[in-house]
Structure formats: C-alpha cells, structure tokens
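This report describes a protein model by its sheet, its helix packing, its chain contact and some backbone details. The sequence and the structure come first.

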Amino acid sequence: MRTLVINGSPKARNGNSEVFIKQFIKGREASYEVCYAAKEDSRQIAEHMKQFDTVIVAMPLYIHAMPGIVMKLIDCMEPAAVDGKSMGFIVQSGFVESAQSKYLSRYLSALAKQLNYTYLGTVIRGGSAGTYMMPEKMNRKLFQQLRMLGERFEADGSFDAEVIKELARPNELSKGKSRLLQFFFRLGLGDCIFWNMMLKQNNAIDRKFDMPFVDELLAE
Amino acid sequence: MIPAAELTDYTPAVTHGASHSALGFQYIGARPMKRVVIRECGEFEIPCHYILDLTKTIVKDCTGCWSCWLKTPGRCVHKDLDEFYKAYLDTDKVIIFSKVSHGFVSGSLKTLFDRMIPLFLPFITYKSGESMHVPRYEKYPEIEVYYEGDFASIEDRNIYEDYIHRTFYQFYSKCEIVKPMTQISLDLEEINR
C-alpha cells in the first residue's frame, strides 16, 4: 500500500507540518510519497492523488481551519470513482487546546464522506507554533507519539485512537488553567515571552502594537 | 459563547490618541452607514464605499512568515490588500457574498480570512476561558454573510455556518446573519437601509 502525504503548510519544507510528517513516516519512507501544496499546482495534486488508495494531509491550523492553499486544493478534488479509499488528516495549531481545531475536524470528516473516502480521523496537536525551532529533546515525547501513530498506521491502515487522544491533550482549558494563563498574559509572561523575544530580535518591539492602517486613515 | 460586545473591551496596553469618531466609526444622526462588500458571487447593486471582488482579483496567499506580527507589526509582506484593510477598519458593516465550495468557504475566501491576521496581535488572551488573539485595533466592523451553494445535509450546512460564526467571533466582529442567498431578495431592503 502506497500513501500520498500532502504537506499543506504554506511554509512547505520549513514549517512544523514537515517536522510532523518526517516523524510519522520515519523508517518507512519507501511506502510514502510526499508532495507540497505550496509548491505544486492544486489541479495537478488533485489529479495525482487519484493514483493512491490512501491520502494524508498534514497542515497548520489557520483561522480555525485549513490554510487557504489547502482549501484551493480541496476546491479541485473530485469524489473517488471507486470505493475503498481512505483519507486522514494531521493538524497542528499554535493555540494550546485541541478544541480550537474542532471546526476543521468536523468539516474534514464531512469532506471525506463527500469525496467517497473512508475517514481515518483527524490527528490534532495544539501548542505547536514553535515545534520546528525547539531543541530535539523538548519534542521527544511528541516525536515518539507521532512515530507510534505512523507505525500503527503502517500495521493496519488506521489512526490509533489512543495516540490521537494523547496528542490532543489538552482538549479544552480547565478554568484553573485558563486563569493561570491569563495571569501570565497580564504579566507579559507565558507565550508573551516568546513573542517579545522575537520582536526584540527583529528590532520591532517598540512597534508591536502599531495600527498602521488607522494611522493612514487619520493622515488622509 | 460570549457576545462579541463583551470582548471588545480588550485593547492593547497603549494609548494611541485616536478617537473613534475621527475615523468615521461612530456616525450620528443622518450620516450614511459606511459599507464594504466582498463578493465571489451574486449580482446585487448594493451601495458601498469599497468592493473586493474575488471573481476579478486573486488575493495573494498567506505565506505563514509572521512578518505582520514580528517584523513589520500590522503590515503583511504582500501589499495587495492595503486598501482593503483600510476600508475594513473604516467601515460599519462588511457584507460577504460567499460561494460555497465542497461544503466550505472557497479557497479564495479562506485565503482572505488568513490574510486578516495582521489586524490582530500575536499575543493570546485567555480571559474567555480559551485562547484568543488580542485585537490590534479598537473596533472591527459588523459582518453579514450570504452564501450560494447546496449542502448534502443540515449537519453539513451547520458546519459551514458554525465556522463563519466562529471566525468572526475570533475576529471580534458581530456576525448574526449567515444566510443562503436565496433569502436575500427579502432582505435587500434591510441591507440597503
């Protein structure tokens, strides 16, 4: 069984989706072909995927759904002419809770049905904005889980429910957790540290709250 | 769900010296309402002060570079939407005519949604009990969506409508109307009011 993996990240080889795919197919590269939505023509990919029994799309969450380039690819997809094909998705988001991706997973489940594919499920991982920048040891557990997902997929062609559940934690923020995170936010701690550090590196920290388009309106 | 009105009290922790009225956000008395139209279908004559016609313009895709957050705050590396951003921030209401594709917003409209991220800050607030980006600007327009296209089931239609509501909730916009375009003739009078 050969599987087509579509990397749906606008950053192609330079983003988190690539890191996720690499772990998922680690040790089994021969059974997979990887293509890039950002680098190839949507119509050609939609045509090419017809040759495969299984298609997996890995992508970042953009505005509660797939990136525009992935929807442009979906715009070109046609229902499978034969039964028995399957389709699965791997979504990673910056927001920490996986419930943020539920609008997308609901749609992807309906999409698979619409395209006459068996829906393998949507693997969701939150808090992943900086995965590709992190030192390897900080990603150790995540990588183990992704490799296990890949291994089990190879064995029986499905996404392991237990691994999906593990990766999706936390699904929602508890009251205590969101209060704590809000407390950190007010102090400029937590993920603010990461953003401020990057802004400083770019000499843009003084301009971080800029409102350029309202400034232009006022100048007119 | 928390009404958008309760969330608009989030403002960046700086003062900008700009009052709403100077931007034309608050109209008093008989001044006409400012309106922006985004369309990928529908042939309606709706008075507006800016149209983004997606049947004629291809909006450049978001590249995921984060420049609009971390290098040139508030500005995208692409310049093709600069006039649109200005109109969006200077309007009371945005009307979107959306062409449903495969049960969802089309790729072109989704790209436009992706490109709205410069209007928000990278910082995340948890005040509502879940992650939400902090607004960059003080006010965002009200949104109305009219869509053209069929759904295989009520659940499929809900997926589309819920997604639109969720998106504009996160964008700090009031969005009460998400309706099929077939109902629009009844509403044109209301829209034009």
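## The sheet of chain A

Ile90(A) has Val123(A) of strand E5(A) opposite to it. The model is a predicted one, in which local features need pLDDT of at least 70 and side-chain atom pairs count only at pLDDT 80 or more, while totals for chains, interfaces and linings use all residues. Residues are numbered from 1 along each chain as its sequence is written, and chains are lettered from A and ligands numbered from 1 in the order in which they are written.

Strand E4 of chain A, residues 86-92, is joined to E5(A) by seven bridges, and the two run parallel. Strands pair if DSSP finds at least two bridges between them. Helices (H or I, at least four residues) and strands (E, at least two) are DSSP runs, numbered from the N terminus. In chain A, five strands make an open sheet with parallel pairing, in the order E2-E1-E3-E4-E5. Strand E2 (32-36) and strand E5 (118-125) of chain A each have a single partner strand, so these edge strands are left with one side that has no neighbour in the sheet. On average, neighbouring strands of this sheet are turned by 15° against each other, direction ignored.

## Layout of chain A

Nine helices and five strands make up the secondary structure of chain A. Their order from the N terminus is β-α-β-α-β-α-β-α-β-α-α-α-α-α. Along the principal axes, the C-alpha atoms of chain A fill a box of roughly 60 × 45 × 30 Å. Of the 220 residues in chain A, 42% are buried. Buried is used for a residue with 20 or more other C-beta atoms within 10 Å of its own, exposed for 12 or fewer, and partly exposed for those in between, with C-beta atoms placed from the backbone.

Chain A is split into domain 1 (3-167) and domain 2 (175-219), with bounds that come from an automatic or database domain assignment. The centres of these two domains of chain A, taken over C-alpha atoms, are 30 Å apart.

## Helix H1 against helix H5

Helix H1 (residues 16-24) and helix H5 (residues 140-156) of chain A pack with axes 7 Å apart, at an angle of about 55°. Axes are lines fitted to C-alpha atoms, for helices over the stretch in contact, and angles run from 0 to 180 degrees between N-to-C directions. H1(A) and H5(A) are therefore oblique to each other. Angles under 35 degrees count as roughly parallel, over 145 as roughly antiparallel, 65 to 115 as roughly perpendicular and the rest as oblique.

H1(A) contributes Phe20(A), Gln23(A) and Phe24(A) to this contact, and H5(A) contributes Phe143(A), Leu146(A), Arg147(A), Leu149(A) and Gly150(A). Residues are in contact if their C-beta atoms, placed from the backbone, lie within 7 Å. Among the buried residues of H1(A) are Val19(A), Phe20(A), Ile21(A) and Phe24(A). Their cover includes strand E1 (3-7), E2, strand E3 (54-60), E4 and H5 of chain A.

## Contact between the chains

The contact takes 51 residues from chain A and 48 residues from chain B. On the chain A side, the elements that give two or more residues are H3, helix H4 (102-114), helix H7 (175-186), helix H8 (191-201) and helix H9 (212-219). The chain A residues that touch chain B comprise 31 nonpolar, nine polar and 11 charged. Ala, Val, Leu, Ile, Met, Phe, Trp, Tyr, Cys and Pro count as nonpolar, Asp, Glu, Lys and Arg as charged, and the others, Gly among them, as polar.

Helix H3 (residues 68-75) of chain A and helix H4 (residues 107-114) of chain B have axes that come within 8 Å and cross at roughly 175°. H3(A) is thus roughly antiparallel to H4(B). Gly68(A), Met71(A), Lys72(A) and Asp75(A) of H3(A) make this contact with Gly107(B), Lys110(B), Thr111(B) and Asp114(B) of H4(B). By class, these are one nonpolar, three polar and four charged residues.

## Backbone details

Most residues other than glycine have a negative phi, and most peptide bonds are trans. Ala12(A), not a glycine, has a positive phi of about 45°. Ala12(A) is in the loop between E1 and H1 of chain A and is partly exposed, with 18 C-beta neighbours inside 10 Å. In chain B, Trp66(B) has a positive phi near 65°, and its place is the loop between strand E2 (50-53) and helix H2 (67-70) of chain B.

The peptide bond from Arg169(A) to Pro170(A) is cis, with omega near -10°. Pro170(A) lies in the loop between helix H6 (161-167) and H7 of chain A.

Terms used
Contact = placed C-beta atoms within 7 Å.
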